[in-house]
Amino acid sequence: MRDFNTSALGRWLACACLVAAPVIATADIPEGYPADYAALVAKAETEGSVVVYANTEHAAIEPIVEDFQKAFPKIRVDYIEIKAADLFSRVSSESAAGALKADMVWSSAMDLQYQMVEDGIAAEYVSPEKGAVPAWSNFGDKIYGITYEPVVMVYNSKLVSAEEMPDTRAGLASWLIANKQRMTGKVATYDPERSGLGFFAVSADAANGNALWPLVTAFGAVDTKFYTSTGTMLEKISAGEHAIGYNIIGPYAYLRAERDPNVKVVVPKDFTVVLSRLAIVTEKAQHPAAARVFLDYLLSHRGQTVVGNQAHLFAIRPDVEGSATIAGLSAEYGDILKPVKIGPELLDAIQPMQRLAFFRKWNDALKAGK
Amino acid sequence: MPELIVENIHLKYGTAEVLGGASFSVEKGKIAALLGPSGSGKTTLLRTIAGLERACEGRIRVSGQEVLNCSAGLDLPAEKRGLGFVFQSYALWPNRTVFDNVAYGLRLRKVAETEIRRKVGAVCEVLGLGHLQQRFPAQLSGGQQQRVAIARSLAYDPAVLLLDEPLSNLDAKLRDEARAFLKELITREERAAVIVTHDQIEALAIADTIILLNGGVIAQEGSPEDLYNRPKTLFTADFIGNNVRISGKVVTAGDGFATLDCDGLRVTGRMGQPKTVGEDGTAVCRMDRLTLAAPGEPDAVEMHRATSMFLGEKWEHVYRLGGHSLRVLTDGPVAQETSPIRIPRESVWVF
Amino acid sequence: MRNESWRNGVALLTALFILAPVGLIVWQSFLTDAFFSPRAGVTGATYGFVLDDPGFWDALRNTVVLSVGMVVIAVPLGSLLAFLMVRTDLPGRKWIEPAIFLPLFMSPMVLAFGYIVSIGPSGFWSVWWERLFGAPFWNVYSMPMLILVVGLSHVTHVYIYVSTALRTVPSDLEEAARVAGGSPLTVATKITLPLVWPSIAVSAVLVAFLGFELFGLPYVLGDQDGRMVLATYLYKFNTLLGRPAYQLMAVVVIFIMLITLPLVMLQRRMLRTAQRYSTIGGKATRAHLVPLGRWRWIAFAAVLLWLYAVVLLPLSGVMLRSVVTTWGPLVAVRDVLTWDNYAKLAEMPLIRRSIVNTVILAFVGGFASLCVYALIGLASHRSPLKTTRGLDFLVLLPRAMPGIVAGLVVFWIFLFVPVLKPFVASLAAMWVAYTLVWLPFGLRLVSTSFGQVGRELEEAAHVTGAGALRVARDVTLPLSRHGLMAAWLLAFLLYSREYSTGIFLMGQGNEVMGTMLVSLWNGGNIDVASSLAVVNTLVIGGGIALALRLGVRLDA
């Protein structure tokens, strides 16, 4: 981390931050924070570091860490990136052994994150920023949504023109059937059996009405390819191996679209599932104050600005402006956005029986199309 | 008291018995040769003495010190027995110089470096390796390597020296020289030596005692002369010397001698065991004692000459009678197609 | 009294080292939840669940087909390659030889991705082909293609075994056959190769065995069609039931162990026979080479074609990907050309650290592992004890554990054994996991080179007065140093490309290239992932070049 300051990217990001958030304060207490917050910051600074286990890619997290470091130069962020399911394994194992290293666990696997709350791993903490984020994004002051990420469709504009690309599930289903020949083997989506996130996204689809199942049948008809990672899907769509990707996590899709003009993003117009990366502060944290300071930073206006506009993870705080924010999305898409509710019902997604039943229905629907 | 006493060694590989109770002893300054065909257990016995194989029964004492006593559960490892061992392959460490090879035993014994230099120098001098100390084994000839191997095993003054076919890798001329040298060296240095060989000539020449092994047991033990002239078994008689074996029926027996009739070829020899007329018997004849018989000489058989070969110094002829053939050496060529062949009864043993 | 207790001590520690993870897996397979979870109860239903899953049988069938296919492709080609390299006047042998080993050290994930970029449906070789000859006839994601790729990339394994054996066989028989007018191919198949059939058979069993633990290639190339082999099937249980179902993963690992066990035993038996055979020659006599005549250039072209298929093709894909922002038939390469991917690599401090860590782990850790393997090897070297012989068999068990499972289990052991707890998620824990995973491979190499030290050289030191450790220090180790150097190099290369074992053991500061690659990949940052893959390959290539320069022989 230390040599980051000297790197070119670091300097560039530093400049960008200056532009984005002109009021760069040091560790002064932000407005509206309780009076004893200075004590928390002081304690956090004595702790010296915060250990974060997360599944967000390093490249996205660098600007956030960089800016946090600037705000709190005495608190080092030890960021460890692990895939969602492995992250859960690791945290629950460490916790069972009484050796949990993480002060904060931050993951896009919402169901597994909630399981950690259930397992008593999460600490209760009322963030002073709580009032500034939507009420639904926090449950029991133990788990906080940090981002607001639409689940989108992606297509390669050299293979499918903007005019013909459908923007609803029903539209996509019928268009795929109509263009069966052309689209065979050209559609990619998550394999719900092998990807936790994939399952979570489609089960949210299923919870939002019946539009999903005809689409699954259409997937079966065009011999859709099923993947375990967004990266591979986007790579192959960009290369033209696939034309359309369904249920791609927004930030990745937009990032790719920015780099490759052929890749276009469609926000489904019937409804758009919105996921959130959930953060918990751990009960047994070794740096409890630093973890709380980092959480507050993530939820703060300054932190959310970086989350949305630098990391492109879509800020969840309504008063942050920009395209990759809840404000920007809501302005453009309004009611079609269906954020997944944060609460005990998240656990439904990891009930083995319900999952197996879902997979049966999924496979039947696929077969119906073949 | 002998330097080395080996008593009743038994050794098994799995269930197969390799040594079935070998015993012998060697005095200081004497050489015992373990002789036998391959598979007779001679190398195994030597390795057991060294502690490289593990006996299941028996005792071994070196310089009065017990190193193996199976019934007492004592079995010192090779490194604690303080013996010298010369391997058939010499087993010189290729990554060390001659000096370092020879000095190794002294280094292990924590001898001071100056003393090591003196001792190694002395041993190398004795063995004629003085100028080769800084060479690596690969840079030496076979004979030199053999001497380094001996020097290495002598350097730390072991009382007992064990040599496993030390001469077999040398060519014929070098072997004769090395044999004489070895014998003289061991006598002079007053070690007790055990030498393994499959070559009876070597054993006869070098040893004070020959221990003839067959199938893991001692067939006969004695001085070279004893074994050559007084074999007690067919195996010994046949193994020692350059022999021809003829089988037949006993026609006469008495006075310590028996005569066999082998399809018309009559052979008379010493009885190695009591024989009665009509019994089957085997005669072992020393080939080099066969001659063309002068008229009227005893123990002669008329035979037909099949072929002759000129060997340089001598002529060799193959004589046939019935299904038997004998090789006879003469000083000059032979013209006759048939001749009486003398098979002297002193050089024939009947079993 | 003879003191062999140190052998027993080493054997005991090794057994513990192996059996603790294996035992944990067996135990876990009979529980309803993670072994540390209060929800866990004892059950046998886990086995029923896996056996009832048609997916398991599909994966098993795929695995068997893949493994048989590998044997069918790799064994004849590898044997023939060994014949060409060792016994004939094939042109360019000197520089072909190091290249033969390249497939062994390319990370399978990188290899697979390389194939997608080069000969996938949008691959650039495919695009060229289409321009010249029309639609390509292959499908990189198909099962036959997968078999071909894994088969060809395991030719090296066969080569190593067969070439070593061939070097000990006298060459006069071949000369006779060649003089009598046999073509080089006839000489190879009718005369030379039958002489080393035990080695060929051993390598066949090895390749079949490796087929069962293949992960990277089937994972990437079979991903989109959900075509699974046992090792990839296992990962389905990470997500299938919501929370990771360790008990079901454990069951699959046990099945892999049970299936591969007979293969391991078969290999051991054959190896014993092979060793009996290999003593024919003993002395390395300068073999006379079989002149290939007009076959010379045909054979040369065939070897080049193979190298092209297993090295150049995938490597060119990865290299191309590392200098573009995107690829495929829809873009012109010159429009998307960039050095950014490398610049980004240089800018991420984490990446720099992962490169340093990898080199440390591979170089220093590789050496430390070598020491462990050497100690175990010495304990069983010419040992009369039953315990150490039992060890011979035991050390093969970790092979059946896929890397990530081994990593997870080592993680658990560090976590739940109090004295080890402080070291969890350290480079040391990662080293332990690597050492465990590569134990069978490393130990085999080490014991082979110990076996090549003449028995009498060691005995000579014994009778001269050296104890077991002195003999090891003064004779066995110095004389097997070439083999040990080769084993160190192999450890270096294998550790550099390892990717799955470290996932659970990664903490702040001990990232390694392999795990970084996977996480970059999964995070969709394929730009940086491919430039890192190129760097990874360069590090490995540098390792090989350095080693060859220092005179280390890979097939020693």
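Chain C is divided into domain 1 (1-13 + 339-556) and domain 2 (44-275 + 297-326), with domain bounds that come from an automatic or database domain assignment. This is a predicted model, in which local features need pLDDT of at least 70, side-chain atom pairs count only at pLDDT 80 or more, and totals for chains, interfaces and linings use all residues. Residues are numbered from 1 along each chain as its sequence is written, while chains are lettered from A and ligands numbered from 1 in the order in which they are written.

Taken over C-alpha atoms, the centres of domain 1 of chain C and domain 2 of chain C are separated by 23 Å. Between them, 27 residues of domain 1 of chain C are in contact with 27 residues of domain 2 of chain C (two residues are in contact if their C-beta atoms, placed from the backbone, lie within 7 Å). On the domain 1 side of this contact, helix 26 (481-497), helix 27 and helix 28 (526-549) of chain C each supply at least two residues; helices (H or I, at least four residues) and strands (E, at least two) are DSSP runs, numbered from the N terminus. Helix 28 of chain C gives the most to this side, with 10 residues. By class, the domain 1 side divides into 16 nonpolar, seven polar and four charged residues. Here Ala, Val, Leu, Ile, Met, Phe, Trp, Tyr, Cys and Pro count as nonpolar, Asp, Glu, Lys and Arg as charged, and the others, Gly among them, as polar.

Turning to chain A, the division is into domain 1 (2-148 + 276-333) and domain 2 (149-274 + 348-369). The centres of these two domains of chain A, taken over C-alpha atoms, lie 30 Å apart. Their contact takes 18 residues from domain 1 of chain A and 14 residues from domain 2 of chain A. Two or more residues of the domain 1 side come from each of helix 4 (84-96), helix 5 (110-118) and helix 14 (326-333) of chain A. Helix 5 of chain A provides the largest share of that side, four residues. The domain 1 side has 12 nonpolar, five polar and one charged residues.

The two chains also meet each other, in a contact that takes 48 residues from chain C and 61 residues from chain A. On the chain C side, helix 14 (230-239), helix 19 (349-380), helix 21 (403-416) and helix 27 (513-522) of chain C are the elements that give two or more residues. Helix 21 of chain C gives the most to this side, with five residues. The chain C residues that make up this side divide into 24 nonpolar, 18 polar and six charged.
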